[in-house]
Amino acid sequence: MAVPTGDRVVVLGGSMAGLLAARVLADTYRDVVIVERDDMSPSAEARRGVPQGRHVHGLLARGQQILDELFPGFTEEAVAAGIPTGDLGELRWYFNGRRLRPSTTGLVCVSATRPLLESRVRARVAAIENVTFRDLHDIVGLVTDDARTTVTGVRVQSRRSDAPERVLEADLVVDATGRASRTPLWLEQLGYARPEEERIKIDLSYTTRRFRLRDPSVLRGDLSINPVSSPSHPRGAFLSRIEDGLVVVSLTGVLGDSAPADLEGFLAWTRTLPVSDIHDALRDAEPVGDGDVFRYPASVRRRYEQLDRFPGRFLVVGDAACSFNPVYGQGMTVSALEALVLRTHLARGPVPDPAGFQRDIAKVIDVPWDFSAGGDLGFPEVEGRRTAKVRMGGAYMARLQAAAVHDGEVTGTFMRVAGLVEPPQALMSPRMMFRVLRGSRQSQQVLVS
């Protein structure tokens, strides 16, 4: 660990974005305080502050790599604890109702529930001696200097009693409070402009249940089965093997469609999927617990990097900056990438330039945002501006997914790009474009015949 050069930093929010930010901040600051409104006692239970926590979560390949970098041995420890893992390219992927040809990529998929994954990261962060948690605390607002140009701390209030508000002074404050972040309001109250927002209204629903398979061999050794929602087949699902020998199944609906949470309705809905794999796997399964429904109205990107003025000693990360459609599994990995950006800025000095930092994480956000927004805009009913880039990207992606039905190399490259390990340009190399053209023609010939 590096020798700390700063005094105190306060991280608002103890979810993945806040935890990962705290991890890199601990190398620079003598005192890292994480403020969280939920109970952060050791557990692997879903928190109220993470409403999607009970549903299938994806840690993309790049996210897994970064966790191993920030917490050496993280994946090995997860495997030793019984968390299933597998090769990302060898999962049972279906796009447009057709299975992609498996490909061995060397990219590790860690198949843990969000609460368990988060609890393991939290335990590693809590073990850092200069990190402390103030859980069950409401975040009341920011504190600034008289000129309102610099953030000097944050006002908090304990939820354990009727204790009065108190001020936590800080050399740096990081907002990692997620989608419900009040930074736009705080900026307005301080005399700054609110950031512009981009919204893609997908009206997504997740309905999730857990099961114990009476005959695990029905999965044929696969880690997960994923018939992904598409314009041709709007209903989708994710089935994943998880800890304790269970499987978790999330059924996804878009544009207001939603699977029932009761067992009978849930199982009946699996019959409407484009493939029968999940219904077949659950036919004799034992349900564990009740069903949960989560609704996600829209992806939201707040353009902090475009503001002309922004207070000093204050940064915004994670879902507070950009909240992605969770179907694409990008949120945790983008937070991990932003933590690396933060580490780079801290190497220049303990107090990053907010404008420069927000511009740099915007570059990190660009690729996954284009990927998920482009996918959502493929549904004709979804409102949004369809630029030439979006239309061309959608058409090429349809050809690529068709080619991947027959060509494992296309599948592997697609997974590396979707996993944020390789840049999108990897899909556009002359060799890949040739394979996409050839494979999509082959796929079309099969459909015609």
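## Close-up views of a predicted model

**View 1. Arg302 pairs up with Glu197.** At 11% relative accessibility, Arg302 counts as buried. Its salt-bridge partner is Glu197, with the closest N and O atoms 3.2 Å apart. Glu197 sits in strand S12 (residues 197-212) and Arg302 in strand S16 (residues 286-302), so this pair ties together parts that are 105 residues apart in sequence. Glu197 itself is partly exposed, at 34% relative accessible area. Keep in mind that this is a predicted model.

**View 2. Arg8 and Asp31 bridge two strands.** Here the closest N and O atoms of the salt bridge are 3.1 Å apart. Arg8 belongs to strand S1 (residues 6-12) and Asp31 to strand S2 (residues 29-35), so the contact joins parts 23 residues apart in sequence. Arg8 is partly exposed at 23%, and Asp31 is partly exposed at 22%.

View 3. Across the structure, the count comes to 26 salt bridges.

View 4. The structure holds eleven aromatic pairs. In one of them, the ring centres of Phe294 and Tyr296 are 6.4 Å apart and the planes meet at 50 degrees, so the pair is tilted. Phe294 and Tyr296 are both buried.

**View 5. An aromatic cluster.** Trp93, Phe95, Tyr328, Phe371 and Phe414 are linked into a cluster by ring pairs.

Terms used
Residues are numbered from 1 along each chain as its sequence is written. This is a predicted model: local features need pLDDT of at least 70, side-chain atom pairs count only at pLDDT 80 or more; totals for chains, interfaces and linings use all residues. Side-chain values use heavy atoms; hydrogens and water are left out. Rings of Phe, Tyr and Trp (its six-membered ring) pair if their centres lie within 6.5 Å; planes under 30 degrees apart count as stacked, over 60 as edge-to-face and the rest as tilted. Buried means under 20% relative accessible area, exposed over 50%, partly exposed in between (1.4 Å probe, protein chains only). A salt bridge is a side-chain nitrogen of Lys or Arg within 4 Å of a carboxyl oxygen of Asp or Glu. Helices (H or I, at least four residues) and strands (E, at least two) are DSSP runs, numbered from the N terminus.
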